[in-house]
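Subject: The two-chain model, and what turned up in it

Hi,

Here is the structure I said I would pass on.

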Amino acid sequence: MSDAQQPEPEAPAAEPAKRTRPTRPRLSRQQEQRRTILRGALAAAVLFALQPLAAIPIVRRLRDRLRPPGALDEERFLAACIKCGQCVQVCPVQAIVLADADEGLGVGVPYVDARSQACDFSCDALSCILACPTGALSHELKMKEEVRMGVARLARPEACLARRGEPLRGTARGPDFPGLLRYEDVDRWTPMPVATHGYDRAVCDLCVLECPIGESALRLVPLPPEDGGAPGLFTPEVHRGCTGCGVCQMICPAEPAAIVVDARAVFAGGRHRKHRGGRGERGEHGEESS
Amino acid sequence: MGMPRLLDQLAIVLGRAPEKRAPSPEAAAMHAAKRGKGMKKHELQAEIDEAAANHTWRNRRWAALIGINLLFTLSYWVDIQILEGSLTASRLLGFHLADVYSSFLVMLAQRHVAVNLVIGAVTVTLVWAFVGGRSFCAWVCPYHLVAEWAEMLHLALAKRGWVRDHPLHRGVRVAFWIGFAALALLTGHTLFLALNPIGVLSRAVVYGASLALLWVALLLAFEVVYARRAWCRYVCPIGLTYGVLGAKAPIRVTYDLESCAHEGECRKVCEVPHVLDLTIKGRAEETKLDVGPDCTRCGLCVDVCPTGALRYELKGVKRLL
């Protein structure tokens, strides 16, 4: 191989050896060439073998990530994302973060950690979708109501303050919670820290109160008798319009949250089914099963 | 010059070793005239030492590289919104830019042509086809910068005999290019985009540090102890793509046989030394030659050349003037 450092043709012959090192056996040019090919093949084998290794977190679904609005089916989404982070940059509440190396092939792919910072649609225009250069966030969505990131579910009914008829006075998540939310009646344009907003509710209904979609998605209803209902006890009820944005999960004062979003779940009456995207058709998100 | 030389040069980019060819009559005459007349290396030592201390182009390049990457950072953190995204895909004042090979992989993986990516990739192709494809590597790529520092460490250790370079066959870069594309098409996952240290670093520069930086550290450690500049020389399909797309770029480093002392300082500093084989005594086929398409226009050879035989040139300017 002549692209290796070949001995200088005009170099003064053999510098005096400074220290005697164990000498390596001299290889012929052909042997050296063969070794470069062998090393190259080995390097290729190692790097390509990382594919199955890096696929483990994805195949085993070690994490069910809530993806940003408009995300294609999980498999297609991972294929289409170019990991540039433009969606991260345009989000007014910085709800979108990029996955790290422990997610294997999903490294650099955006997700929403709703409990820390939900997507509250305060951009109004689905900025992340508009920013996406690859269509991994589908440009076919035009309104926030069409978004289907997942579906909310009352995961810990026993922790829900409304079901216990308890009030909520003060901040939702304490003074140190860094999350932002748009309080339209305070400031239409600038999301504010949740920690600066005080509530005074006779019975806690924050999830319903702050839901950006409204009663087509989440309603507070009297707790039915079969669940131990009594006057003054309520429960949040998820409806077909739920976008899975995660505001209810973020604002829930219970720790951990009583209401959570199941990523990529599809609304199916009272009990929605988990929907884990296979290699589906483009633009099938937003579809609802009944 | 013409077509056969271009094809020859592309074959070298793809991994063929440069061969000695019959020089033109003028070049042969010059080789003959220089025989026995050239200065011996020790006679040149003062010039060599002076040139070795010259970092003009390297410093300009580092400033440009850091500036461009800082523009990404500031566009987000200070919200100046000039260059948004990261090096795989971005918007410059709202116009799409996209890395050509990354876009290609994403379209293969999802088996769908994304119009914005095509627009971004074509724009980028036009830029690098003019500025010289692999200028991206030396003037923009953040991995190139940290790999240069790792290379300094490698050379310092090699000087003491603690490490040794183990070259790989350059042809393996083509295998990587095809292999990553095939995996994207067959599995629907873009393995390259997960491994790509350029993406990892570019995202770290914009969005903050991550565990993925450990992978970059591992690659750099490999380059320090085992194979000098391994990623850039033998793996990176982004570099290969730009090298080929910019093969006819008018901005390039040119070689002047007459002033060359053939002492070989340039080949010692070069990331892709096969492009400088034309500086070996008796090798140049013409009296003036362009350095091949694998050249990253990093300018280390221009800085280090004791006789000014290697220079940057903008082709066509002389013709215009």
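Below is what I found, going from whole chains down to single residues.

Keep in mind that this is a predicted model: local features need pLDDT of at least 70 and side-chain atom pairs count only at pLDDT 80 or more, while totals for chains, interfaces and linings use all residues. Residues are numbered from 1 along each chain as its sequence is written, and chains are lettered from A and ligands numbered from 1 in the order in which they are written.

Let's start with chain B. It has 17 helices and six strands; both are DSSP runs numbered from the N terminus, helices being H or I with at least four residues and strands being E with at least two. Its radius of gyration is 20 Å, close to the 20 Å that the globule rule gives for 321 residues, so chain B is as compact as a globular protein of that length. (That radius is taken over C-alpha atoms, and the rule is 2.2 Å times the number of residues to the power 0.38.) The C-alpha atoms fill a box of roughly 60 × 45 × 40 Å along the principal axes. In chain B, 46% of the 321 residues are buried. Buried means 20 or more other C-beta atoms within 10 Å of a residue's own, exposed means 12 or fewer, and partly exposed is in between, with C-beta atoms placed from the backbone.

Chain A has six helices and ten strands, and 41% of its 290 residues are buried.

How many residues does each chain bring to the contact? Chain B gives 60 and chain A gives 46. (Two residues are in contact if their C-beta atoms, placed from the backbone, lie within 7 Å.) On the chain B side, helix H9 (residues 172-187) supplies the largest share, six residues.

Now for the inside. The largest nonpolar core has 150 residues, and A:Cys128 and B:Cys301 have the most contacts within it. A nonpolar core here is a set of buried Ala, Val, Leu, Ile, Met, Phe, Trp, Tyr and Cys residues joined through C-beta atoms within 7 Å. Helix H5 (residues 100-110) of chain B gives the most to this core, seven residues. Beyond its neighbours within four places in sequence, A:Cys128 touches several residues, among them A:Pro68, A:Cys87 and A:Leu137.

Helix H11 (residues 197-207) of chain B is mostly covered, with eight of its eleven residues buried; B:Leu201 and B:Arg203 are among them. Just after H11(B), B:Gly208 has a positive phi of about 105 degrees.

Chain B also has an open sheet of three strands, in the order E5-E4-E6, with antiparallel pairing. Strands E5 (288-290) and E6 (310-314) are at the edges with a single partner strand each, so one side of each has no neighbour in the sheet. Strand E4 (residues 251-256) pairs with E5(B) over three bridges, where pairing takes at least two DSSP bridges. B:Asp256 stands opposite B:Lys288 in E5(B).

Last stop: A:Pro157, in the loop between strand E3 (150-154) and strand E4 (168-170) of chain A. Is A:Pro157 buried or partly exposed? With 16 C-beta neighbours inside 10 Å, A:Pro157 counts as partly exposed. Leaving out residues up to four places away in sequence, A:Pro157 touches A:Arg163 and A:Ala258.

Cheers
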